[in-house]
Amino acid sequence: MLHAALANKAFRPRFSGHETFPMRYNWLYKVLRQRSGPPPHWMPQAPLERDMVRYGVGKNMVHSMHHWAELCSVASLRRDGSGVELTEVGKWLRKRDPHLEEAGTIWALHWKVATTPQVATTWYWMFNGYPSPTFDERAAVDSIRSAAATFGWRAPSTGTIERDVDCFVRCYTVSRAKKGVLTEDSMECPFAELELVQPTPERGVFEFQRGPKPTLPDKVFAFALAEFLEGSSASTVSFEHVAHAPGSPGRVFKLDEASVAERLERLAAKRTGAFRWIDTAGLRQLQRVGDGARPLDVLSEGERHSVVAE
């Protein structure tokens, strides 16, 4: 579904903006604390200098913080350059879990990053287009450059893609000190908690971890499902599409087929919603019922689900 966007002539990939910094735990919280209105008289009036004071970081980190806020869909940059504007997701996050203390919040943010190819092309490609369960950084760079040739992108320099891939790896893995021990700085980014990418015994080679994902709440899966199906006009959607299509919950969360089916069955057992889950005589599919709920409502309310059983 989302691969069609990659082939669109108007699509422009993005491999920079994070300034090589993975997202850190308190960054989104600092962005979410911003208030509208004029700054205090003692604070610098220029937007960049003002945010440097607000966040207590240098200008490169200010750019990176705003970039990650955009990648996670919690804020967008104001056109006049005066800072950021919170999105509906950002307002939800500020109210619900601004410190990223719940695993479900991190799963939801991972979903937003990995399904937005126009602002996080490497993240999207690695979770939805990369053809192998294992990779090293050179193979990842080569795969992205091959995708650029296939889809007709105007790709940046190899060095830019290499830095983007390095940042991707650091977001999802735990680093070790020279002696191989874990330190308090080993986990740079909240996404490492999800254990989606793990090192293999072969040096420099990583593996995507496919499986049931016990820390992924059903309501976050339901939110992702609602977003995935939001742009579709089809009355029915196959189980394989939900489990394997680019941009699907199964693909982005690295769930195996059994886990996807179990989650659909659990959601179906709870409440009437926007889609009916059909699993009879070897036929497994989702059937659309009505217009469906807004994805953020599914995530916010938790008790409302988007699938019913048949």
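The legends below describe close-up views of a predicted model.

**View 1. Packing of helix 7 against helix 8.** Helix 7, which covers residues 121-128, and helix 8, which covers residues 137-151, have axes that come within 11 Å and cross at roughly 100 degrees. Because angles of 65 to 115 degrees count as roughly perpendicular, helix 7 and helix 8 are described as roughly perpendicular to each other. On the side of helix 7 the contact is made by T122, W125 and M126, while helix 8 contributes A140, S143, I144, A147 and F151.

**View 2. The ring pair of W107 and F253.** The model holds 19 aromatic pairs. In the pair formed by W107 and F253, the ring centres are 5.6 Å apart and the planes stand at 85 degrees, so the arrangement is edge-to-face. W107 belongs to helix 6 (residues 103-114), whereas F253 sits in the loop between helix 12 (249-252) and helix 13 (257-268), so this pair ties together parts that are 146 residues apart in sequence. W107 is buried, its relative accessible area being 0%, and F253 is likewise buried, with a relative accessible area of 0%.

**View 3. The ring pair of W111 and F253.** F253 also forms an aromatic pair with W111, and here the geometry is tilted, with 5.6 Å from centre to centre and 40 degrees between the planes. Since W111 lies in helix 6 and F253 in the loop between helix 12 and helix 13, the pair ties together parts that are 142 residues apart in sequence. W111 has a relative accessible area of 1% and is therefore buried, the cut-off for this class being under 20%.

**View 4. A cluster of linked aromatic rings.** Ring pairs join W68, W123, F127, Y130, F135, F168, Y172, F191, F206 and F208 into a cluster. One member of this cluster, F208, also has a charged residue over its ring, for K254 lies over the face of F208 at 4.6 Å from the ring centre.

**View 5. An arginine over the ring of F239.** R284 is placed over the face of F239, and the distance from the ring centre is 3.9 Å.

Conventions:
Residues numbered from 1 in each chain as written. Predicted model: local features only at pLDDT ≥ 70, side-chain atom pairs only at ≥ 80, totals over all residues. Heavy atoms only, no water. Axes fitted to C-alpha atoms, helices over the stretch in contact; angles between N-to-C directions. Helix = DSSP H or I, 4+ residues; strand = E, 2+ residues; numbered from the N terminus. Parallel < 35°, antiparallel > 145°, perpendicular 65-115°, else oblique. Contact = heavy atoms within 4.5 Å. Phe/Tyr/Trp six-rings, centres within 6.5 Å; stacked < 30°, edge-to-face > 60°. Buried < 20%, exposed > 50% of the residue type's maximum accessible area, 1.4 Å probe, protein only. Lys NZ or Arg CZ within 6 Å of the ring centre and 35° of its normal.
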